[in-house]
Amino acid sequence: MFRHLFKKLLSWLREIWSIFKAIDSAVSKESQSKTHTPTNTRSNALTPTSTLSYQSPAIRHRYVELEGCAENLRIDSRGRYDLRQLARFAENFVWISPDSVDEFITGGMDYDTDYIDGKRVLWLDKTECIEWSYLQYSALSDLL
């Protein structure tokens, strides 16, 4: 019985070790790819496409990971988040009503709409995005 228990424990340790090795290799590959990218590619990514007739606002990204799903959230030059992108990200965890974003927006909110890469973008202040996220999925609001 002791031998069977020892073999089972040893097999679990081997599985855990293989998981750690896989995580380590994935993290090292990701960090290597980030260190070798030139800095001027980011400025090229911010230029609007030829089909757009406006000058896109300067955008930065914030990496967010929750329960195995990850996203680079867009943030404009005024520190506002894209609420529609947050809604698409939250759909990975809970059901989001297609009208939840439009129902949340009221006349008194300071928001702007844009189109980036052919997708509709709704720039909304960070505190209001946190409030919307809390109403939909509180774990997402904790990350913001």
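Six salt bridges are present in the structure, which is a predicted model. Side chains of opposite charge can pair when their charged atoms come close. One of these salt bridges joins the side chains of Arg-74 and Asp-82, with a distance of 2.7 Å from N to O. Arg-74 has a relative accessible area of 14% and is therefore buried, since buried means under 20% relative accessible area. Asp-82 is likewise buried, because its relative accessibility is 1%.

A further salt bridge is formed between the side chains of Arg-78 and Asp-110, where the distance from N to O is 2.9 Å. This pair links distant parts of the chain, the two residues being 32 residues apart. Arg-78 is located in the loop between β2 (69–76) and β3 (81–82), whereas Asp-110 is located in the loop between α4 (100–104) and β4 (111–116). Arg-78 counts as exposed because its relative accessibility is 53%, and the cut-off for exposed is over 50%. Asp-110, with a relative accessible area of 44%, is partly exposed.

Arg-78 also forms a salt bridge with Asp-112, in which the closest N and O atoms are 3.8 Å apart. Here too the pair links distant parts of the chain, with Asp-112 in strand β4 and Arg-78 in the loop between β2 and β3, 34 residues apart. Asp-112 is partly exposed, its relative accessible area being 31%. Through salt bridges that share partners, Asp-76, Arg-78, Arg-80, Asp-110 and Asp-112 are joined into one network.

Gly-79 also belongs to the loop between β2 and β3. When neighbours within four places in sequence are left aside, Gly-79 is in contact with Arg-60 and Lys-126. The C-alpha atoms of Gly-79 and Leu-124 are 8.8 Å apart in space, while the two residues are 45 residues apart in sequence.

The protein chain as a whole contains six helices and five strands. Along the sequence, these elements follow the pattern α-α-β-β-β-α-α-β-β-α-α. The protein chain has 144 residues, of which 27% are buried. Among the contacts in the protein chain with a separation of 6 or more, 46% are between residues 24 or more positions apart.

Two of the helices, α3 (residues 83–90) and α5 (residues 126–136), pack with their axes 11 Å apart and at an angle of about 25 degrees. Helix α3 is therefore roughly parallel to α5, because angles under 35 degrees count as roughly parallel. The crossing in which α3 passes α5 is right-handed. On the side of α3, the contact is made by Leu-83, Leu-86, Ala-87 and Ala-90. On the side of α5, the contact is made by Cys-129, Trp-132 and Ser-133. Of the residues in this contact of α3 with α5, six are nonpolar, one is polar and none is charged.

Phe-93 is placed in the loop between α3 and α4. Its relative accessible area is 18%, so Phe-93 is buried. Not counting residues up to four places away in sequence, Phe-93 touches Leu-66, Glu-67, Cys-69 and Tyr-137. The C-alpha atoms of Phe-93 and Cys-69 are separated by 9.0 Å, and these residues are 24 residues apart along the chain.

Glu-67, one of the residues touched by Phe-93, is found in the loop between β1 (59–66) and β2. The phi angle of Glu-67 is near 50 degrees, which is a positive value in a residue other than glycine. Glu-67 counts as exposed because its relative accessibility is 57%. A positive phi, of about 55 degrees, is also found for Asp-117, which is not a glycine. Asp-117 lies in the loop between β4 and β5 (119–124). With a relative accessibility of 59%, Asp-117 counts as exposed.

Note on methods
Residues numbered from 1 in each chain as written. Predicted model: local features only at pLDDT ≥ 70, side-chain atom pairs only at ≥ 80, totals over all residues. Heavy atoms only, no water. Salt bridge = Lys/Arg side-chain N within 4 Å of Asp/Glu carboxyl O. Buried < 20%, exposed > 50% of the residue type's maximum accessible area, 1.4 Å probe, protein only. Helix = DSSP H or I, 4+ residues; strand = E, 2+ residues; numbered from the N terminus. Axes fitted to C-alpha atoms, helices over the stretch in contact; angles between N-to-C directions. Parallel < 35°, antiparallel > 145°, perpendicular 65-115°, else oblique. Left-handed = near helix turned anticlockwise from the far one by under 90°. Contact = heavy atoms within 4.5 Å. Nonpolar A, V, L, I, M, F, W, Y, C, P; charged D, E, K, R; others polar.
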